[in-house]
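Work through the following exercises with the sequence and the structure side by side.

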Amino acid sequence: MSRKMLIDGEVNNFKEESAQEYDYDLFVIGAGSGGVRAARTSAGYEGIKVAICELPFHPISSETVGGVGGTCVIRGCVPKKILVYGASFSGEFEDAQNYGWELNGKPNYNWKKLLENKTQEIVRLNGIYKRLLSNAGVKMYEGEGKVVGPHEVELTQIDGTKLNFSAKHILVATGGRAQRPNIPGKELGITSDEALSLDELPKRVVVLGGGYIAVEFASIWRGMGSTVDLFFRRELPLRGFDDEMRELVAQNLEGRGISLHPAENLTELVKTEDGIKVITDHGKELIADVVLFATGRIPNSKRVNLEAVGVELDQTGAVKVDEFSGTNIPSIWAVGDVTNRINLTPVALMEGSCFSKTVFGGVPSKPDYRDVPCAVFCIPPLSTVGLTEQQAVEQAKGDTLVFTSTFKPMKNTISGRQEKSMMKLIVDKDTDKVIGASMCGPDAAEIMQGIAVALKCGATKAQFDSTVGIHPSAAEEFVTMRSASRCIPAPCGKPKTNL
C-alpha cells in the first residue's frame, strides 16, 4: 500500500495482507528512544507484528556496539545528568558553610564510586527497555541491521551469521554519533561517549565546543575539582539560544572557575610525557590529561545501506523525510536524530508515536515542533521554550515586547555566592501572547516545563500577570514582570497587559 493511501486513511485490510506476505508488519532498526517508542506503540495495534534490532550493549558506542535504550539512556541524557548531580555537590558544600554547616576539611571525592553507580543505573535501564519491548510483544534481535530492499532487512548477528527478514514497513531510528574535528592528533581526544566512562577523574581538561555537551561537561569536571579550559569558535557559547542568556551562562561558567577561550580553535594535539599538548590557532599551548571534542554529532546512517536502496540523504547523512517521517521510498520511514530535525529525546518519542498512529492507527499524525522546550544542564542550568528575542525580532510582523528579570537567588543572599539568575518573556504586542521564555538559574528545567504548557495553550501576558505567584520562589518572577524592559522596534506603545 502506498503512503498516500495511508495518509488518506485508507487502511483497508493491509494487516491481513501483511501477515501473509511479510515476516513482520514493521521492522525497526535502532532501539533508542524513538525506535523503542515506535515499536511499542505499533505493536499495541491489534494484529500488528513488530521486530526491532540493536547492537550489543556497551557504554561507549561504535560501529559494532550500542545497546537497547540508545544514546539518551546509555551514553547521553541519563548518565550525563547523573554526573551533573554529582558535580553539583561541590558548590552545595561551599554554600552550606554560611548556613551553619561546619565541614572539617575538604570532602573526599570518589570518582570510581560514581562511575560504578552510573554504570549500574544504565545497565538497569537497559534491562527495563528490553522488558518493555518484550511485554509489548515486540521481537528483539541483537545485531547490526541494514536495509537491503524496500521491504527487506539484513541482520548480522554477533557471530557473523546473517538473517534476512521481510517487512511491510521499515523504520530507521539509528540516532546520531559524535564526530571529531579533522586536526593532527585527533585520535588523542575523546568524545562524550568516553567522557562518561573515564577510569580516572582528569585533573586538567580542555574542552572544544560551544554547545550543550561542551558547557555541560565543562561544568561537570569543574564541579569535581578539575581545571577546565573551554574553547569555542564564537564570542559566546550556546549558539542559537537567547543572547542575554548566553552572556549570563558565560559569566556563570567563569564564576565557577572555568577558563573561557572565545573565538579560538584547536589546531593540533601532541602526546607528551606530561600529558596531551594542546595547540590553538592563537598560538597558545596547554597541557591536558583529557581533551574532549564536543564539536557536534552527525546522523548515524552510514552503515544502514539506505542510499543503495534509493533512500535520499542530505549532505550531512541525515535521512530526508516528509512531515509524516516518510522517506521517498513509501515503505521506509525514519525518526529521531538520524533525520536531524530537532535532536532531542522527547522529540524522537513524539515522532515515534506519530509514526505508529499514521501507519497502523489510520490517523495521519504530524509531529508538532512548535514550542518544544529544552534545557542545557550546565551549572546552573539554562532552559527555554518558544522564540528567543533574536528569533522574535526576525519573525515579527509587528512590535515585540521583552520582559526581563535579573536577580540574586534567595539562597545566594546567605551563601554569598556571586551568581545571578535571569528570566525572560517575549511577547507579541498585537496579540499579547507570550511567544518565548527563557531562564538561567537553579531548577530552570523544572520551572520551564510548566511554562511550556502555558505557551502551548497560547497564554497571554495578561494571563501570566493574573496568576498568583508562589512566594518565596524564583518561579514567581515569571508572573510578576509587570513592565517591559524594551520594545522592538522602539519606540512602540504600551503593552496590552494588566499593568
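**Exercise 1.** How many of the residues of strand 1 (residues 24–29) are buried?

Solution. The model is a predicted one, and in it strand 1 is mostly covered, since 6 of its 6 residues are buried.

**Exercise 2.** Determine which strands pair with strand 1, and in which sense, and then locate the partners of Ile29.

Solution. Begin with strand 6 (residues 162–172), which pairs with strand 1 in the parallel sense over 5 bridges; in this pairing, Ile29 stands opposite Val172. Turn next to strand 2 (residues 50–54), where the pairing with strand 1 is again parallel and extends over 4 bridges, and where Cys53 is the residue that stands opposite Ile29.

**Exercise 3.** Describe the unit that strand 1 and strand 2 make with helix 3 (residues 33–43), and give its handedness.

Solution. Follow the chain from strand 1 through helix 3 to strand 2: the three elements make a β-α-β unit, and this unit is right-handed.

**Exercise 4.** Classify the packing of helix 3 against helix 6 (residues 111–135), and name the residues that meet.

Solution. First take the geometry: the two helices pack at an angle of about 25°, and their axes are 9 Å apart. Angles under 35 degrees count as roughly parallel, and helix 3 and helix 6 are therefore roughly parallel to each other. The handedness comes next, and the crossing of helix 3 and helix 6 is left-handed. Finally, consider the contacts, in which Val36, Ala39 and Arg40 of helix 3 meet Tyr129, Leu132 and Leu133 of helix 6.

Terms used:
Residues numbered from 1 in each chain as written. Predicted model: local features only at pLDDT ≥ 70, side-chain atom pairs only at ≥ 80, totals over all residues. Heavy atoms only, no water. Buried < 20%, exposed > 50% of the residue type's maximum accessible area, 1.4 Å probe, protein only. Pairing = 2+ DSSP bridges. Right-handed = clockwise from strand over helix to strand, strands pointing away. Axes fitted to C-alpha atoms, helices over the stretch in contact; angles between N-to-C directions. Parallel < 35°, antiparallel > 145°, perpendicular 65-115°, else oblique. Left-handed = near helix turned anticlockwise from the far one by under 90°. Contact = heavy atoms within 4.5 Å.
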